[in-house]
Amino acid sequence: MSRQLYSRSHLDTTPPKYNGPLHPLDKAVFQKSIPVLAARVPASQIALILHSEVTRKYLIDWYFWACLIKVAQLSQESLELLESKGNGFTEYNLVLDYDYWTASELLQAILPEELREGAPVGFAATGHIAHVNLNDDYLSYKKTIGQLFLDKNKTIRTVVNKLDNIDTQFRFFQMEVIAGEPDFIVEHHESDCRFTFDFSRVYWNSRLHTEHDRIVQSVHPGEVLVDVFAGVGPFAIPAGKKGCAVMANDLNPASYMYLCQNIKDNE
Ligand SMILES: C[S@@+](CC[C@H](N)C(=O)[O-])C[C@H]1O[C@@H](n2cnc3c(N)ncnc32)[C@H](O)[C@@H]1O
């Protein structure tokens with residue numbers, strides 16, 4: 001049994017420019033085949049080759065197989081090591097496809113040039129929901145962006161785009177589903193606590209995680225915490241779990257309902 005090593009440094013591994021339909025994407029268009037020169041390495045030597053200081057810099061990834069390109073570009077030292085431990089060199093057709101590239105790399109291949117810079121590169125995650133805040137330039141690509149984030153993130157089942165209007169009193173925002181299931185009931189873990197809530201009806205901001213932690217760290221067991229705008233409990237529940245006496249309330253009936261559920265779930 002033999003395996004192969006390859007290097008990315010001299011390969012054009014960018015995805016091909018995409019001109020297919022935006023939704024659903026024609027994933028087959030992303031297939032790219034790159035002929036490379038490969039080194040055959042017996043299975044018994046593969047660990048040595050993969051970990052060797054001499055050859056490691058020529059490797060791209062921990063694949064079942066791998067291959068080296070252009071022997072001439074290898075250092076003399078690495079060439080000697082491969083020749084002494086390997087079974088010679090061979091041609092290999094490296095096939096890259098939709099599964100290989102990240103969402104950002106694929107999006108760069110899909111967008112017209114003028115939209116590439118400034119394209120969305122990530123999202124905020126709340127439970128299984130990824131949320132983005134697309135500006136107008138990207139709205140015609142929203143389903144494509146949603147599909148990419150969904151396909152490339154195993155824990156995400158729903159992708160939403162935040163709309164501008166935020167409820168003035170209860171502070172939750174309007175959202176539209178751009179990919180996946182229209183399921184807004186999330187289970188989110190933070191500060192060693194489990195929070196369940198309807199993301200479309202209550203206020204929640206995952207980016208406040210460090211602020212939640214900061215406040216909770218500043219209170220001590222036996223102290224009293226009064227949280228009058230408690231939402232679904234990101235301050236109140238960890239503080240209660242820590243041994244504080246907590247009084248918490250929220251005017252939004254949905255927040256209050258989930259606050260009560262979260263208290264029970266974290267007892
Ligand atoms: C910005 S959110 C903060 C929620 C929570 N502290 C958090 O960090 O997730 C403000 C919260 O105050 C609640 N709220 C607004 N007016 C209120 C009032 N008069 N009394 C109690 N809660 C109120 C809203 O429903 C909302 O959940």
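Predicted model: local features only at pLDDT ≥ 70, side-chain atom pairs only at ≥ 80, totals over all residues.

User: Fine by me. What is the volume of the largest pocket, and which residues are closest to its centre?

Analyst: A pocket here is an open space with protein on both sides. The largest pocket has a volume of about 360 Å³. It is lined by 20 residues, and Tyr203, Phe229, Ala230, Gly231 and Asp250 are the closest to its centre. Sorted by class, the lining has 10 nonpolar, 7 polar and 3 charged residues.

User: Why does the largest pocket lie between domain 2 and domain 3?

Analyst: Look at who supplies the lining. Residues come from both domain 2 (103-183) and domain 3 (190-265), so the largest pocket lies between them.

User: And the second largest pocket: how much space lies in it, and which residues are closest to its centre?

Analyst: That one holds about 220 Å³ of space. Of its 17 lining residues, Lys162, Ile166, Phe173, Tyr203 and Trp204 are the closest to the centre. By class, you get 9 nonpolar, 4 polar and 4 charged residues. Strand E6 (residues 158-166) gives the largest share of this lining, 4 residues. Domain 2 (103-183) and domain 3 (190-265) each give at least three residues to it.

User: Which atoms of the ligand pair up with Asp250, Leu251 and Val228?

Analyst: For polar contacts, look for N or O atoms within 3.5 Å of each other. An oxygen atom of the ligand is 2.7 Å from a side-chain N or O atom of Asp250. With Leu251, the pair is a ligand nitrogen and a polar backbone atom, 3.2 Å apart. A ligand nitrogen also sits 3.5 Å from a polar backbone atom of Val228. As for burial, the ligand taken alone exposes 590 Å², and the protein buries 78% of that.

User: Which residue has a positive phi although it is not a glycine?

Analyst: That's Arg171, with a phi of about 70 degrees. You'll find Arg171 in the loop between E6 and strand E7 (173-180).

Conventions. Residues numbered from 1 in each chain as written. Heavy atoms only, no water. 1 Å grid on protein atoms, 1.4 Å probe; cavity = no way out; pocket = protein on both sides within 12 Å on 5 of 7 lines; lining within 4 Å. Points joined across faces, edges and corners; volume = space filled by probe spheres on them. Nonpolar A, V, L, I, M, F, W, Y, C, P; charged D, E, K, R; others polar. Domains from an automatic or database assignment. Helix = DSSP H or I, 4+ residues; strand = E, 2+ residues; numbered from the N terminus. Polar contact = N/O pair within 3.5 Å; in protein donor to acceptor, adjacent residues only side chain to side chain. Areas by Shrake-Rupley, 256 points an atom, 1.4 Å probe, with all protein chains shown as cover.
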